[in-house]
Amino acid sequence: MGKVTGFMEFKRLSEANLPVPERVKNYKEFVLHLTDDQAKQQGARCMDCGIPFCTTGCPINNIIPDWNDLVYHQDWRSAIDVLHSTNNFPEFTGRICPAPCEAACTLNINDDAVGIKSIEHAIIDKAWENDWVKPQVNPNKTGKKVAVVGSGPAGLAAAQQLARAGHSVVVLEKNSRIGGLLRYGIPDFKMEKSHIDRRMAQMQAEGVEFRVNQHVGETVKADDVLAEFDAVVLAAGAEQPRDLPVTGRELDGVHFAMDFLTPQNKVVAGDVIPDQIKATGKHVVVIGGGDTGSDCVGTSNRHGALSIAQFELMPQPPEKENKELVWPNWPLKLRTSSSHEEGANRDWSVTTKELIGENGKVVALKAARVEWKDGKMSEVPGSEFTMPADLVFLAMGFVSPVQKLLEVFGVEKDQRGNAKATTDGEGCYKTSKEKVFAAGDVRRGQSLVVWAIREGRQAARAVDEFLMGSSVLPR
């Protein structure tokens, strides 16, 4: 550890944000990473705690105490090497990961956790600024070809690891740009897409080939992919959204969240979207209290919505968790995003009963209060209310991968409709179809970017073992 008494001397220092009135005028990132001195002070707070629960709290097992110590000593070059040893894309996780590592921080038992995510953000930004992120080219080629279907975080991580093992890797993406939901789902104000472009350039230098407009199962036959490649990794995410079966669902103005978020990202990238959904001057209702709903709030604020309401079916979480009960696990507690800070009326324990329309267009939403007891929900009598709604966004999560992709490959599914593939024992990440593997949300269901990176890395090792009999890639 760096400073023995650092955790007693220094308080947690959060990253600064640009003021709300300034940042809602555009789609640029507004979180300012720590200065060198601020990062050094945060690194000094890392305790010599014996068992670093932060490392096990992190799905990719980042070696957090080591790079905290290196930042404290201002050895940034070594810090990025340690960070990259477990995480292919810290510029993604340093911006959009909810940081389960911080929940597991030993200091978090009775104090504020070390600002691990902010230190990670500072390390990778400094590495890019100083041109320390270089291609890692393996001169020893295996002669094996691997296709990765999907270019989200799981697919990109798998592709990069497999290329570094010496395989010829081709990433097949159905859209016109690489990145999956990193590109088309996460708003630019949370993560600008230049970060993806930089990694693509690095990966291309390492030998990865990117093929866009390749919709496997639609414009590309699965049999052709199987014939061309020695192994296939399915990493297409979980893109089937949860629907809302209520009266009025068919009305104009009722949309899945991605039908709103994706076109906006394309517009920021320079595309022209003739029928883009705009929240300007409208009453917006977002159904679903998670990250996707929050992204709808932030985007609606930037459009200039007249009002924004966000409903969640579950009860309002406590403002603070009972650390004695939940530490080091991820706690259930009230989380307020930067988009919420920009303006939204949030409400909990609300169920949508009906969407009311005029001339085929939604104009109002009828809802009611609910009570939860012993895990069961019941409507509160007499609690119905109606509110104006010109746009209703369904942001209630994703239930499974698109089923056709799994069907065209003949992959067995689990009970939730995901690709069935274990992560334990021999043949992990392998599906029921010979030489076809699955990783990320397509296998585990909707999850975090950091989990997708972990699965992509581990699936790459499994593929390498399948092709070569053993693997040089880390576990």
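The buried residues of helix H6 are covered by elements that include helix H3 (36-44), helix H5 (64-72), helix H7 (90-96) and helix H9 (116-129). Contact here means heavy atoms within 4.5 Å, and helices (H or I, at least four residues) and strands (E, at least two) are DSSP runs numbered from the N terminus. The structure is a predicted model, in which local features need pLDDT of at least 70 and side-chain atom pairs count only at pLDDT 80 or more, while totals for chains, interfaces and linings use all residues. Residues are numbered from 1 along each chain as its sequence is written, and side-chain values use heavy atoms, with hydrogens and water left out.

Within H6 (residues 76-84), the buried residues are Trp76, Ala79, Ile80, Val82 and Leu83. Buried denotes under 20% relative accessible area, exposed over 50%, and partly exposed in between, with a 1.4 Å probe and protein chains only. These residues lie on the same side of H6, because they cover an arc of only 160° around the axis; the arc is that of the directions from the helix axis to the C-beta atoms. Helix H9, one of the covering helices, contains histidine 121. Histidine 121 counts as buried because its relative accessibility is 2%. Apart from neighbours within four places in sequence, histidine 121 is in contact with Glu15, Val31, His33, Gly94 and Arg95.

In soluble globular proteins, nonpolar side chains tend to be buried together. A nonpolar core is taken as a set of buried Ala, Val, Leu, Ile, Met, Phe, Trp, Tyr and Cys residues joined through side-chain atoms within 4.5 Å. The largest such core has 70 residues, and those with the most contacts inside it are Trp67, Ile123, Leu182, Val208, Phe210, Val233 and Val463. Helix H20 (residues 449-468) gives the most to this core, contributing 9 residues. When neighbours within four places in sequence are set aside, valine 233 is in contact with Val146, Ala147, Val148, Val149, Ala158, Leu162, Phe437 and Val463.

Strand S9 (residues 283-287) is largely enclosed by the rest of the structure, because 4 of its 5 residues are buried. S9 runs parallel to strand S10 (residues 307-312), to which it is joined by 5 bridges; strands pair if DSSP finds at least two bridges between them. In this pairing, valine 284 stands opposite isoleucine 308 in S10.

A disulfide is a covalent bond between the sulfur atoms of two cysteines. With a disulfide defined as a pair of cysteine sulfur atoms within 2.5 Å, the count comes to 0. For cysteine 58, the nearest cysteine sulfur is that of cysteine 101, 5.9 Å away. Cysteine 58 counts as buried, because its relative accessibility is 5%. Cysteine 97 is likewise in no disulfide, and the nearest cysteine sulfur, that of cysteine 101, is 6.3 Å away. Cysteine 97 also counts as buried, at 11% relative accessibility.

Threonine 5 is placed in the segment before helix H1 (6-9) and counts as partly exposed, at 29% relative accessibility. Its side chain is joined to that of glutamate 9 by a polar contact of 2.4 Å. A polar contact is a pair of N or O atoms within 3.5 Å; within protein, one must be able to donate a hydrogen and the other to accept it, and residues adjacent in sequence count only if both atoms are side-chain atoms.

The loop between helix H16 (323-326) and helix H17 (338-341) contains arginine 335, which at 34% relative accessibility counts as partly exposed. A polar atom of the arginine 335 side chain lies 2.5 Å from the backbone oxygen of proline 331. Neighbours within four places in sequence aside, arginine 335 is in contact with Trp330, His340 and Arg346. Proline 328 lies in the loop between H16 and H17 as well, and a cis peptide bond, with omega about 5°, joins tryptophan 327 to proline 328.

Most residues other than glycine have a negative phi, and most peptide bonds are trans. Aspartate 131, in the loop between H9 and strand S3 (145-149), has a positive phi near 60° and counts as partly exposed at 47% relative accessibility. Asparagine 359, in the loop between strand S12 (350-358) and strand S13 (361-373), has a positive phi of about 55°. At 84% relative accessibility, asparagine 359 counts as exposed.
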